[in-house]
Amino acid sequence: RLLREVLSALAHAHGSGLVHRDIKPENMLLEADGRLRITDFGLALALRFGKFGGATSQSGTPQFASPEQLLGERVDQRSDLYSLAAVAYYALLGHPPFQGNTPEQVLARQTTNQLPSPRELREDVSGELEAVLARALNSEVDQRYPSAAEFLQALNRATGAASRPRGGEWARAAAKWLKFPPSPLD
């Protein structure tokens, strides 16, 4: 459910031309009422309005950043989706999919190692869910889901969930605060 909420919020942000660039557990807050909030859009907004850096400046937390982000290359919504899949992997297994002491070590593991199988580490992870995570965590950006909506559809198929969960009022409040237009998912 929480992954669906974040995907819905990211679909909204991406539809407004924003790439978060630092999706990680610390930037997701679980409210007392069970709603999830994505925080720290500061980097995305600063880049959007030309405050610093560029679309290719390196940023993000290495264990959750995409390979192209660690390389300082151009990022887009697929980079956020990679990061969210790394967070989902972490939530399922208690550690990020690729670990290292430096960004270079993480990058080397992302690009040369096969994704450690969630099913081998936790038997209640379905093969379908493992396949969704594997695609989202592909080191080749063009092999990932092209949008949050497609990632969400694949997740729903893998988990047997409804095809279009609503973003909820928290997404509308975030949209108002960030001056986004209404989400097509609401």
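I started with the surroundings of Glu 130: beyond its neighbours within four places in sequence, Glu 130 is in contact (heavy atoms within 4.5 Å) with Ser 117, Pro 118, Arg 119 and Val 125. Before going on, I noted that this is a predicted model, where local features need pLDDT of at least 70, side-chain atom pairs count only at pLDDT 80 or more, and totals for chains, interfaces and linings use all residues. Residues are numbered from 1 along each chain as its sequence is written, and side-chain values use heavy atoms, with hydrogens and water left out.

Glu 130 sits in helix α7, residues 127–136 (helices are DSSP runs, H or I, of at least four residues, numbered from the N terminus).

Which side chain makes a polar contact with the side chain of Glu 130? I found Ser 117, at 2.4 Å (a polar contact is a pair of N or O atoms within 3.5 Å, and within protein one must be able to donate a hydrogen and the other to accept it; residues adjacent in sequence count only if both atoms are side-chain atoms).

Glu 130 is buried (under 20% relative accessible area; exposed is over 50%, partly exposed in between, with a 1.4 Å probe and protein chains only). I found no salt bridge for Glu 130 (a side-chain nitrogen of Lys or Arg within 4 Å of a carboxyl oxygen of Asp or Glu). The nearest side chain of opposite charge, Arg 119, is 4.8 Å away (Lys and Arg count as positive, Asp and Glu as negative; His and the chain ends are not counted).

Next, the rings: I searched the whole structure and got two aromatic pairs (rings of Phe, Tyr and Trp, its six-membered ring, with centres within 6.5 Å; planes under 30 degrees apart are stacked, over 60 edge-to-face, the rest tilted). Phe 64 and Tyr 90 are edge-to-face, 5.7 Å centre to centre with 85° between the planes.

Technical notes. Helices (H or I, at least four residues) and strands (E, at least two) are DSSP runs, numbered from the N terminus.
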